[in-house]
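Here is a short briefing to read alongside the model. Please keep the viewer open and follow each topic in turn.

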Amino acid sequence: MSEQDNAATGPTPTRKRDRGEIIGQGGMWLAKWSLVLAAIALGAWIFGWMIARLWVIILPIALAIVLATVMWPPTRGMIKRGMPAAAAAGITLVLSIGVLAGVIAGIVPSVVSQAPELANKTTQGINQVQDWLQGPPLNLQDDQIDNAVHSVIAKVQESGTAIASGVFSGVSTASSLLVTLGLVLILSFFFIKDGPRFIPWLHSVTGGKAGRHLEEVLIRMWDTLGGFIRTQALVSLIDAVFIGAGLLILGVPLAPVLAILTFIGGFIPIVGAFVAGALAVLVALVANGFTTAMIVLVLILLVQQIEGNVLQPVLQSKSMKLHAVIVLLAVAAGSSLYGIVGAFLAVPVAAVTAVVIRYIGEQIDERAIDNEPLPASDTSDIVRDETDALPEGHKA
């Protein structure tokens, strides 16, 4: 096309769209996505309602899966060496129960023997704190202190009731706590014994395309959950050993019990470590005085810094890590809905949910790559735009 032809034809005429048409399209887009979000919210509410109704079944299954991730590596090692799956799973389960029973048997005598002395020192410590609050610089009155103490006691009682209801909700319908624990152990045995058969069976039932996605997601979820639980167990064990050793050296009462609580609290990131550390400092303050309590506080802060900046980055891959805000929100939601058990399961659930979200994102990215040929009108628009962008001397 020559310059004379361009001058004769002039620019391509365009039609100005009506404002009402644009507003209507925007309103339809907003209405469509509002319905989508409402449907998702309704589905999430129904899913939560079903979990609440089936909690007596879901709780043993969830706890059994967590235990199975811990017991699977030794079971797999014995199976690879030629041992039958049932025998390997049984040996692993029996050894796990033996270790747990030994730990409980080791700390119970310490608790029983030191509890009366600790109770007496707690009373003395409370009186000392009350005397300090009544003196300078605070100069609080007795009624103010009594109101504050009653408020704290009321909050603790409310929290204790909530925790107890969260722990034992659904357990009563299963007749007793022992029945639930027995069910967890039985499910754990079958999970580590027959777990490798589940994914091939699910693949064959759901078909090729859906089975491929389910297989990939479940494998990633299992690897993430197993890595998370084992890493948290190792990190919590290291924390418990160092903090427990420090408490023993300082002569703090109930040091083995506090070490066990530190280990258990490690499975509830951030919140569990804070609670266990605060309890250790409080016991040291009551039993050994202010100086020992400050030393315990420094020890706990040091161990937590080593854990957060050295142990977890080395032992735990970045793909498994969750942002601190997500961890706090997950723990808060889990504890408010299902008590201490919900707080314990919140982070593993958040971790496997993140796996699903990442996999969905990968599938969206793959489908976002459009390899289909463009329609003729779209091609002509691209050619015209590229031609208009050329200098005048290079236009055809």
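L261 sits in helix α9, which covers residues 255–265. This is a predicted model, and in it L261 has a relative accessible area of 36%, so it counts as partly exposed. Setting aside neighbours within four places in sequence, L261 is in contact with A276 and L279. The C-alpha atoms of L261 and G277 are 9.2 Å apart, while 16 residues separate the two along the chain.

**The chain as a whole**

- The protein chain has 13 helices and zero strands.
- Read from the N terminus, its elements therefore run as α-α-α-α-α-α-α-α-α-α-α-α-α.
- Of the 396 residues in the protein chain, 26% are buried.
- If you take the contacts between residues at least 6 apart in sequence, 68% of them join residues at least 24 apart.

**Helices α7 and α8**

- Helix α7 spans residues 198–206 and helix α8 spans residues 208–250; their axes come within 7 Å and cross at roughly 155°.
- How are α7 and α8 oriented to each other, roughly parallel or roughly antiparallel? An angle over 145 degrees counts as roughly antiparallel, so α7 and α8 are roughly antiparallel to each other.
- The crossing in which α7 passes α8 is right-handed.
- On the α7 side, the contact is made by F198, I199, L202, H203 and T206. On the α8 side, G208, A210, G211, R212, L214, E215, L218 and I219 take part.
- Sorted by class, the residues of this contact of α7 with α8 are seven nonpolar, four polar and two charged.

**Helices α3 and α12**

- The axes of helix α3 (residues 55–80) and helix α12 (residues 324–368) come within 11 Å, with a crossing angle of roughly 35°.
- Here α3 passes α12 in a left-handed crossing.
- Which residues of α3 and α12 meet? From α3 they are W55, L59, A62, L63 and V66, and from α12 they are Y338, V341, F344 and L345.
- The contact of α3 with α12 has nine nonpolar residues, with no polar and no charged ones.

**Aromatic pairs**

- The structure holds three aromatic pairs, among them W29 with W33, a tilted pair at 6.4 Å centre to centre with 55° between the planes.
- Both W29 and W33 belong to helix α2 (residues 19–53), where they are four residues apart, about one turn of the helix.
- Is W29 buried or exposed? Its relative accessibility is 53%, and the cut-off for exposed is over 50%, so W29 counts as exposed.
- W33 has a relative accessibility of 42% and therefore counts as partly exposed.
- F189 and F190 form an edge-to-face aromatic pair, with 5.3 Å from centre to centre and 75° between the planes.
- F189 has a relative accessible area of 18%, under the 20% cut-off, so F189 is buried.
- F190, at a relative accessible area of 41%, is partly exposed.

Notes. Residues are numbered from 1 along each chain as its sequence is written. This is a predicted model: local features need pLDDT of at least 70, side-chain atom pairs count only at pLDDT 80 or more; totals for chains, interfaces and linings use all residues. Side-chain values use heavy atoms; hydrogens and water are left out. Axes are lines fitted to C-alpha atoms, for helices over the stretch in contact, and angles run from 0 to 180 degrees between N-to-C directions. Helices (H or I, at least four residues) and strands (E, at least two) are DSSP runs, numbered from the N terminus. Angles under 35 degrees count as roughly parallel, over 145 as roughly antiparallel, 65 to 115 as roughly perpendicular and the rest as oblique. A crossing is left-handed if the near helix is turned anticlockwise from the far one by less than a right angle, and right-handed if clockwise. Contact means heavy atoms within 4.5 Å. Ala, Val, Leu, Ile, Met, Phe, Trp, Tyr, Cys and Pro count as nonpolar, Asp, Glu, Lys and Arg as charged, and the others, Gly among them, as polar. Rings of Phe, Tyr and Trp (its six-membered ring) pair if their centres lie within 6.5 Å; planes under 30 degrees apart count as stacked, over 60 as edge-to-face and the rest as tilted. Buried means under 20% relative accessible area, exposed over 50%, partly exposed in between (1.4 Å probe, protein chains only).
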